Amino acid sequence: MTSRMRLEVLQWYALLGGAVAWAAQHVFGYFVSTQGCSAGGSSNTELWQIVLAVAAGVAVCAAEAAALVVYRATGGTGKDAPGPAGRLHFFAQAALVANILFLVVIVLDSSATIASLPCGAA
Amino acid sequence: MAVSAPARERIGRLERVWLERPGALGWLTTVDHKRIGLLYFWATLFFFAAGGAEALLMRTQLAQANAKVVGPETFDQLLTMHGVTMIFFFIIPITTGAFGNYLLPLMIGARDMAFPRLNALSFWLFLGSGLFLYSSFLFHSAPDAGWFNYVPLSLKQYDGGLNIDFYALGLILNGASSTIGATNIIVTTFKLRAPGMSWNRMPLFCFAMLAAALSLVFALPALTIDLVFLELQRKLGFHFFDVAHGGDPLLWQHLFWIFGHPEVYIIVLPAFGIATSIIPTFARRRMIAFPLVAMAELLVAFLGFGVWAHHMFATGLSSSTLVFFAAASMMVVVPSTIQIFAWLFTVNLGTPIFRAPLLFIGGFILFFVLGGLSGIMFAAIPFDQATTDTYFVVAHFHFIIFGAAVFPLLGGMYYWFPKVTGRMYHERLAQASFFVAFAGTTLTFFPMHIVGLLGMTRRVYTYDAGLGWGIYNLLETIGGFTLAFGLLMIVANLVWSYRRNVPAGADPFNGSTLEWTIPSPPPAYNFAVIPTVTSAYPNWDAADRDHDIGKLERGELVLAGGHKTPASTVNDAVFDEVVDMPAESPWPVVLGLTITLALALVLLSHYLFAAALLGIALLELVGWHAEASPHENAEPRLARPNGWWGMAIFVAAEATLFGTVVGTYVYLSLQNPHWPPFGVAEPKVLEPLLLTLGLVLMSAPVQGAWNAARAGRRQMALRLLGFAFAVQTAYLAWQVHDFVDELHTMSPTHSAYASVYYTLLGADHLHVLVGLLLDVWLLAQLARGLTSYRLVGLRATTFYWHAVNAITAVVFFVQIAPRL
């Protein structure tokens, strides 16, 4: 894989990896929670929630790292530079911020598990 | 701009090529994005007036205790139609349909949208759905269960007239229109950006439109499926929402809000885009934190999909489930705040001129902060539960939906009025109209916070005296009429300014984007030469504009030989190919009318006549796709063509639709201790497995047909496609036989399980049928030779079949799930 191709892959992973990881944790976490609280559902869903949160968290951290690599590799690029360098730098900047938000929301999503919230209505 | 005689000749040729016929017929057959944008503008203003009149009637009724202006039934219809109209027939279509259509191609340097005829179809379907819905008043059957139409209230046993059917069918048609429009916006943004406009050089308005369009494509399927479920239950007795048969009324709410919350951002995002157009112009500097604002626009749209259940905090969902949605609701504030700070710092660090458009943006920011602050309160579960269904919620969402979404639109109307008409508006009257509208908005919606906290619930048609609500309601009503007066001042200003005819020139505000580089109003062909772009503020790049004049003199990228516009690569907007765009056509309006009539027949349960009309619609599609001037020699291209991207977005929407049905299956299975219910035979495995394998394997010959056609081997392509068609037809025949056979042992009205089962299989078979129709059309076309158009059609159809095969495989696993 050439250096350019490597940066392309890293940039798209940086931009989309965190988003997909959070979406997966959010949707599957919701279904696991619903399953745990449904009639006849499993009483111990905490392990699944932790696995989901850790897996998503690792994926987001990797996306953040990828964004950092691309950002540094395109460090001297001006904001109006033509693609692909301008675009790589632009999306890397965006991903650097977005992935931090995804990491925070994953941690917040996990707070119900950490706090062992009950199934009863709030 | 002084240009030489040859350049003038080129411009003259462009005018002749792109000019459409004048008069009413011209408007009916137009495919020009600017004229379609104007059609959307006038139609949405008509619906806005209707929705506004409904609001004023309600406010008059509520102005004092125990008033008798309208009765409870009429009030229910007014409040439902007000909500439905403002959301589906005003804000969404005016932002994406009017502003998006008119401005997007101008801002990216294109001559039209990617699919001009689909663009026209989108408008006619929108108009049809609006007239269909409003015709309900003629039958005294306007929708009356609130804009979110909760079940069981909207089920047949509680609402037996046609009211809810008008709602459901009208919104299905409206959703189809919005999906087509959104697909067009996405493909246009992906493929028609002027060469050089890589993502980092695309104006923020276009990012906002892209984010809104992506949200529409992925959010609407949930609403569409919800409405289909509702109609199947109301008309045919299915059991999606019926607890006694394994259904769940909360399913409606889940699906509605999976659409409904992203829809809030669909409404607000274009407003963000308008703000990010107006602020740099009047602050006279570039936007602060451009990449972060672009990211924030996309992120708001994305996070918006994860917060749906925060509308359901009071429904009794478990605490552990609600936390997911509280978390996402809090986090969505962050990207919104990034934008607010970016707007404020841009104004603060610039040298702002507070003309009317910027004043409206100032009002927008204030209202957005106000509505946002009350919004974040709802992320706190206990607060939400205490204020659910009170006027506090009404106050919150009106500050967002009116204050934050409509104020930028009003600013945008003033900002682009000179561009659209070539005439200048009256500045002082415009500023006065801002202050009146601002005061009216505040007076209408702010007291609702107080009256909500005092306990006044939403949707009540009257209230008793002595509750302490009267004075606030009176203030709100005075505010409502003040606001209406402010809006009338804007209309009066624009109409008077149009008649006054003070020339505006091409660029009265020194705007930053490409639309300000061309004459006002824009010529039919938009750009005499495809513009050079080296930043997100191309009108401020004087050297590039000089370069464009040089290109025009040399005849470079003028493309005056026909309806042509360049297409570029998605990532970096590298020039790829010259695309032939269709000219004006009667098919969109004819097809739109046929589909609307078919829907009316479904409403009246005349299914056979409706099917006949859909057959006619298919014939119209054949006429639509007749090529005026086939191009035998397909030029090699770097990237996938527009047609492929259009199909990809369509398939993404369809996959979301199937995902929603599969999600429904899983959701209902979790609500039922016995799934499938007792007495239902376990599904067969071997036969569906073999059938599915047979269909999935047909991906190979379909792909082979495309490969052969691309290499110019037409006969081989025909043989492979013909073979695939034969097997696919046999597959469908067998499946339909099994489907009918199963109906004898288990009716769809047996249980919620049976309802979902048959809906899923039926939807899959329908998609296979559409694929077969595409095959027939392609076989007929390829038999007459290979053209560029047909190759794109084959490529798109190949992609369609791969997607349908993948979906069928998923459906198979769901079908046999009880055996796993």
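What share of the 122 residues in chain A is buried? Buried residues make up 43% of them, where buried means under 20% relative accessible area, exposed means over 50%, and partly exposed lies in between (1.4 Å probe, protein chains only). Here are some notes to read beside the structure.

1. **Ground rules.** This is a predicted model, in which local features need pLDDT of at least 70 and side-chain atom pairs count only at pLDDT 80 or more, while totals for chains, interfaces and linings use all residues. Residues are numbered from 1 along each chain as its sequence is written, chains are lettered from A and ligands numbered from 1 in the order in which they are written, and side-chain values use heavy atoms, with hydrogens and water left out.

2. **Chain A, overall form.** Chain A has four helices and zero strands, in the order α-α-α-α along the sequence. Its radius of gyration is 18 Å, well over the 14 Å that the globule rule gives for 122 residues, so chain A is more spread out than a compact globule. Helices (H or I, at least four residues) and strands (E, at least two) are DSSP runs numbered from the N terminus; the radius is taken over C-alpha atoms, and the globule rule is 2.2 Å times the number of residues to the power 0.38. Along the principal axes, the C-alpha atoms of chain A fill a box of roughly 55 × 30 × 15 Å.

3. **Chain A, contacts and surface.** Of the contacts in chain A between residues at least 6 apart in sequence, 75% join residues at least 24 apart; contact means heavy atoms within 4.5 Å. Chain A exposes about 5800 Å², with 72% of that supplied by carbon and sulfur atoms (Shrake-Rupley method, 1.4 Å probe; for residues, only the protein chains shown count as cover). There are 5 positive and 5 negative side chains in chain A, and the centres of the two sets lie 16 Å apart. Lys and Arg count as positive and Asp and Glu as negative, without His and the chain ends; each charge is placed at NZ of Lys, CZ of Arg, CG of Asp or CD of Glu.

4. **Chain B, overall form.** Chain B holds 25 helices and two strands. The C-alpha trace of chain B spans about 80 × 75 × 45 Å along its principal axes, and 62% of its 820 residues are buried. Among its contacts with a separation of 6 or more, 80% are between residues 24 or more positions apart.

5. **Chain B, surface and charge.** The accessible surface of chain B comes to about 29100 Å², and 70% of it belongs to carbon and sulfur atoms. Chain B carries 43 positive and 47 negative side chains, with 10 Å between the centres of the two sets.

6. **The cores.** Which residues touch the most other members of the 260-residue largest nonpolar core? They are F99(B), W343(B) and F364(B). A nonpolar core is a set of buried Ala, Val, Leu, Ile, Met, Phe, Trp, Tyr and Cys residues joined through side-chain atoms within 4.5 Å. Helix 4 (residues 72-108) of chain B gives this core its largest share, 21 residues. Apart from it lies another core of 16 residues, including L695(B) and Y800(B).

7. **Two buried residues in chain B.** H767(B) lies in helix 24 (residues 752-782) and counts as buried at 10% relative accessibility. Leaving aside neighbours within four places in sequence, H767(B) is in contact with E654(B), F658(B), Y800(B) and V804(B). F238(B) sits in the loop between helix 7 (204-236) and helix 8 (249-283), and at 10% relative accessibility F238(B) counts as buried too.

8. **Backbone details worth a look.** The bond joining G83(A) and P84(A) is a cis peptide bond with omega about 5 degrees, and P84(A) is in the loop between helix 2 (46-73) and helix 3 (85-109) of chain A. In chain B, the peptide bond from W675(B) to P676(B) is cis, with omega near 0 degrees. H140(B), not a glycine, has a positive phi of about 50 degrees and is exposed, with a relative accessible area of 68%. N526(B), another residue other than glycine, has a positive phi near 65 degrees, but N526(B) is buried, with a relative accessible area of 0%.
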